[in-house]
Amino acid sequence: MDARAIIAGLRQGRPPSAEALAWFADGLASGAVSDAQAGAFAMAVCLKGLGPAGRVALTRAMRDSGAVLDWDLPGPVLDKHSTGGVGDCVSLLLAPALAACGAFVPMISGRGLGHTGGTLDKLEAIPGLRCDVTAERLRKVTADVGCAIVAANAGIAPADKRLYAIRDVTGTVDSIDLITASILSKKLAAGLEGLVLDVKAGSGAFMKTVDEARTLAVALVETAQGAGCMTRALITDMSQPLAAAAGNALEVAEVLETLTGTSVNAALWDLTVALGGEALALGGLAADAEDGEHRITEALETGRAAEVFGEMVAALGGPVDFVERWPDRLPAAPVMRPLTPPRRGFVTAIDGEALGLAVVALGGGRQREGDRINPSVGLADIAGIGEHVSPDLPLAMVHAASEADADRVQAALVAAFTIGETPVDDPPLVWERIG
Ligand code: URA
């Protein structure tokens, strides 16, 4: 095999064979393929595409470039992946809810990316908890507790790790083929039997329209199925933050309020139930998605999901009494101030990306790789679309490390909300189901 021949063939519109892609992925992992060759490959894929069979082959090849977990557990191994949004903390509810229903969930998750928050950063807002664990620890926590939300270790899909970094600096992130293979290679390396995808559409998502989200969802579902994993996708709304909070500890607080029933966020609850219902049906733990929804609802209502969440937190190094004592355990920002609307009216649109970027600017996300994040900052009580706002009913509460930080994001935050004279309907939570 020869990297030059693979790249030249692609450039001329001939997608490489599965064997050639497997060789290329191994070369990415081992270093036999150079940075220049990897960049040229990524650009050729962007321009010419791989086609459905090539997409499956690249996904399998990148999955197999590292360790692929296998399991021998008394229940199906299931997972969920979200394409990312603002205030999207569903994983923190869904993983324990699925585990409470008999599934095993080795949820290999990501950190914040651009304006979107990352599940690992949220979970690590809990003092003492660390998501960077060995494969052995992932196995043990998954088997003992039922779910483990952890970071990908170096052994998982190393070809993707290298290609992703090169795409990032060669203007080749934006390819459905490469995005699909990148997301799925990491997820499928966890040895899943079923995967449910939450493909987000709207101002706070990477895909701004339902049409764009559908294209990605179809590619993801067809590719994952082609690689042997039962998969379904929901296209869900991200034209406003999912939770009423955006920021790591603030979202964990909202998750705990919902899990323990002290103050249930309806959107978080409903999306957890919808995705969980699909996942349980895929894994054979429910007759169909509707039956699965009932089971997830019960796991949430009885407090069993909260219990599993507490066990997972303790197993990953967090406080053993977190579910009971979370208000005392989570870090809090020193400055808290209302974001007052410029006039009285109704919220008619929200620029989710602008809200996410403001959270990053407050220190709740990374401006560059390796930055330390401040888990306590962000936004809480964010007004949703259709809500009435006035000087007494603020757009949000800003939680900041200093008055100066809060001042710096004020104008961008106010501009992120469109205020109208008359109320508008809340958009639907789920737009479409694919697969
Ligand atoms: N997330 C990934 O893991 N890979 C991509 O290419 C895009 C989003």
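Analyst: Strand 1 (residues 78-82) runs parallel to strand 4 (residues 194-201), and five bridges join the two. Strands here are DSSP runs of E with at least two residues, helices are runs of H or I with at least four, and both are numbered from the N terminus; two strands count as paired if DSSP finds at least two bridges between them. This is a predicted model, so local features need pLDDT of at least 70, side-chain atom pairs count only at pLDDT 80 or more, and totals for chains, interfaces and linings use all residues. Residues are numbered from 1 along each chain as its sequence is written, and side-chain values use heavy atoms, with hydrogens and water left out.

Back to strand 4. Leucine 78 has glycine 194 of strand 4 as its bridge partner. Glycine 194 also has a bridge partner in strand 5, namely methionine 230. Strand 5 (residues 230-237) pairs with strand 4 over eight bridges, again in the parallel sense.

How many of the eight residues of strand 4 are buried? Eight of the eight are, so strand 4 is largely enclosed by the rest of the structure. Buried means under 20% relative accessible area, exposed means over 50%, and partly exposed is in between (1.4 Å probe, protein chains only). In a regular strand the side chains alternate between the two faces of the sheet. Here Gly194, Val196, Asp198 and Lys200 point one way, while Leu195, Leu197, Val199 and Ala201 point the other way, and all of them are buried. Note that Asp198 and Lys200 are among those buried residues.

For contrast, there's an open sheet of three strands, ordered 9-7-11 with antiparallel pairing. Strand 7 (residues 345-350) is held to strand 9 by two bridges, and phenylalanine 346 sits opposite histidine 388 of strand 9.

On to a helix. Helix 13 (residues 289-301) has 13 residues, and at 1.5 Å a residue it should span 18 Å; the end C-alpha atoms are 18 Å apart, which agrees. (The expected span is 1.5 Å times one less than the number of residues.) Ala289, Gly292, Ile296, Thr297, Ala299 and Leu300 are its buried residues. They cover an arc of only 160° around the axis, which puts them on the same side of helix 13; the arc is that of the directions from the helix axis to the C-beta atoms. Glu290, His294 and Glu301 are exposed on the other side. The buried residues pack against helix 5 (90-100), helix 11 (248-260), helix 12 (266-282) and helix 14 (304-315), where contact means heavy atoms within 4.5 Å. Glycine 303, with a positive phi near 85°, follows helix 13.

Zooming out, the protein has 17 helices and 12 strands. Of its 435 residues, 57% count as buried. Among contacts with a separation of 6 or more, 78% come from residues 24 or more positions apart. The C-alpha atoms fill a box of roughly 70 × 45 × 35 Å along the principal axes.
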